[in-house]
Amino acid sequence: MVARAARATDLTDLDGAVGDCFACPRLVAWREEVARVKRAAFRDQDYWGRPVPGLGPPDARIAILGLAPAAHGGNRTGRIFTGDRSGDVLFAALHRAGLANQPTSVAADDGLTLRETRIFSAVRCAPPDNKPTPAERDTCAPWAHREVELIRPTLRVVVALGAFAWAAWWPVLRQVYGQRPPTPRPVFGHGAHWSGESVPALLGCYHVSQQNTFTGRLTPAMLDDVFTRAKQLSGVD
Ligand code: SF4
């Protein structure tokens with residue numbers, strides 16, 4: 001799997017290859033179980049039930065790094081942050097920021113396109129309780145590392161959605177940019193900002209989970225602030 005990720009010649013190749021990954025037995029079993037049992041509201045739909053690739057143009061200047069696909073969102077529709085409440089909040093914010101052509105993301109064929117932005121997750125299969133194990137995180141890392149390598153020429157800013165994604169960035173720094181991560185590691189927080197020499201800036205943002213958005217811990221205004229900052233730092237109009 002590591003070798004296949006490293007061999008990917010472009011994002012299309014990477015996206016196709018990740019869809020055939022079976023490296024994590026627990027996650028493979030879970031994604032397929034969810035796809036078979038389904039949620040009642042989606043009983044008449046065919047679930048994707050596979051790893052979920054990234055979304056967005058290959059010359060993106062902004063990357064949004066998430067945790068993992070949602071069981072009945074990306075794992076159902078086959079597109080990241082698509083078909084669940086987290087995606088509703090995220091894409092509405094990206095549309096307000098001028099980074100998405102529409103404020104909704106309901107299905108893989110709904111016409112959504114992104115501008116200057118690539119979204120992908122640290123772990124590509126839906127995990128039980130949204131909690132991958134450390135071993136699963138490490139097993140999946142080569143996919144994200146190759147994804148960053150492929151967009152490295154234009155990438156200027158990474159928005160980490162939540163502490164898991166924030167922590168996943170430091171191995172990327174080492175593997176892709178050949179830089180030793182800072183010690184001690186900068187602490188994650190909403191609005192946290194770290195920048196190094198000749199590497200993308202890192203911005204922290206609370207995850208767009210229902211737990212955060214329903215409770216008001218993360219508001220639309222807070223997301224707007226993060227994406228305004230990301231555009232400033234990356235030089236996106
Ligand atoms: S989580 Fe990543 S490494 Fe594990 S099976 Fe899914 S795509 Fe493969």
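This dialogue explains how to read several features of a predicted model.

Me: What conventions apply to the numbering and to the model?
Reply: Residues are numbered from 1 along each chain as its sequence is written. The model is predicted, so local features need pLDDT of at least 70 and side-chain atom pairs count only at pLDDT 80 or more, while totals for chains, interfaces and linings use all residues; side-chain values use heavy atoms, without hydrogens and water.

Me: Which residues surround the ligand?
Reply: A residue is near a molecule if one of its heavy atoms lies within 4 Å of it. Here the ligand is surrounded by M1, C21, A23, C24, L27, R31, P51, V123, R124, C125, T139 and C140. Helices are DSSP runs of H or I with at least four residues, and strands are E runs of at least two, numbered from the N terminus. Both α3 (25-37) and α6 (134-151) supply at least two residues of this shell.

Me: In what order do the strands of the sheet lie?
Reply: Strands of a sheet pair through backbone hydrogen bonds, either parallel or antiparallel. Two strands count as paired if DSSP finds at least two bridges between them. This open sheet of 5 strands has the order β2-β1-β3-β5-β4, with mixed pairing. Because β2 (117-121) and β4 (193-194) stand at the edges with a single partner strand each, one side of each is left without a neighbour in the sheet.

Me: How many bridges join β3 to β5?
Reply: Strands β3 (residues 157-161) and β5 (residues 201-205) run parallel and are joined by 5 bridges. Within this pair, A160 stands opposite G204 in β5.

Me: Which backbone angles deserve attention?
Reply: Most residues other than glycine have a negative phi, and most peptide bonds are trans. In this model, a cis peptide bond joins T183 and P184, with omega about -5 degrees; P184 lies in the loop between α7 (163-177) and β4. K38, in the loop between α3 and β1, has a positive phi near 65 degrees. D129, in the loop between β2 and α6, has a positive phi near 55 degrees.
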